[in-house]
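This report describes selected local features of one structure, arranged by topic. The sequence and the structure are shown first.

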Amino acid sequence: MKEIKIESTLYIFEDLNELPKDVVKLMHKAKEAREKAYAPYSNFYVGAAILLDNNQVITGSNQENASYPSGLCAERTAIYYAGAKYPKAKIVRMAITAGSKKNKTLSPIPPCGACRQAIAEYEVKQDAPIEIYFMGETGKVAKSNSLANLLPLVFDKSVL
Ligand code: THU
């Protein structure tokens, strides 16, 4: 028997303004997208903004449905649109912000497992890391230099 330790590195910033201007701008786009979320069932609003290497920014928000599983998270709404609109572009980074109507989210809210899997697909496809920044409505911001940090032991095409 052999023990394997898995390490991930995240960087935590006290405040959005500690980050470079272009990241702040992208997070503001994510906030704008969050305002457009359709979340009447959970009252949990998520926005995502993606910067592509062609300088285009694609945004998305969570879209819920009375048939709950038919809804989609903000991150996947954005990344699938990016993939559909600019199939050849590489994703440089993604900014994510989440807020709840029930209580103010002050700590960074990481993307759900299904979204991590979806983002991982594009990281593998483009063979280049995707920076991920995530936060609540306000407060600390977490940064991962690659999606791989958020999804160790990824399931990808190499096993198919
Ligand atoms: N949600 C996202 O948009 N992204 C995530 O990573 C986690 C959850 C959405 C889905 C649903 O509309 C609401 O947040 C509550 O789960």
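## Cysteines

The sulfur of Cys112 lies 3.7 Å from the closest cysteine sulfur, that of Cys115, which is too far for a bond. Cys112 is partly exposed, with a relative accessible area of 32%; here buried means under 20% relative accessible area, exposed over 50%, and partly exposed in between, using a 1.4 Å probe and protein chains only. For Cys73, the closest cysteine sulfur is also in Cys115, at 3.7 Å, again too far for a bond. Cys73 is partly exposed at 24% relative accessible area.

A disulfide is a covalent bond between the sulfur atoms of two cysteines. The criterion applied is a pair of cysteine sulfur atoms within 2.5 Å, and a search of the whole structure finds zero disulfides.

## Basis of the model

This is a predicted model, in which local features need pLDDT of at least 70 and side-chain atom pairs count only at pLDDT 80 or more, while totals for chains, interfaces and linings use all residues. Residues are numbered from 1 along each chain as its sequence is written, and side-chain values use heavy atoms, with hydrogens and water left out.

## A buried arginine

Arg116 is found in helix H3, residues 113-126. Helices (H or I, at least four residues) and strands (E, at least two) are DSSP runs numbered from the N terminus. Arg116 is buried yet has no salt bridge, a salt bridge being a side-chain nitrogen of Lys or Arg within 4 Å of a carboxyl oxygen of Asp or Glu. The nearest side chain of opposite charge, Glu75, is 7.9 Å away; Lys and Arg count as positive and Asp and Glu as negative, with His and the chain ends not counted.

Leaving aside neighbours within four places in sequence, Arg116 is in contact with Pro110, Pro111, Leu147, Leu150 and Leu151. Contact means heavy atoms within 4.5 Å.

## Positive phi angles

Asn43, in the loop between helix H1 (21-35) and strand E2 (44-52), has a phi near 55°, a positive value in a residue other than glycine. Asn43 is partly exposed, at 24% relative accessibility.

Asp127 also has a positive phi, of about 50°, although it is not a glycine. Asp127 is found in the loop between H3 and strand E5 (131-135) and is exposed, with a relative accessible area of 71%.
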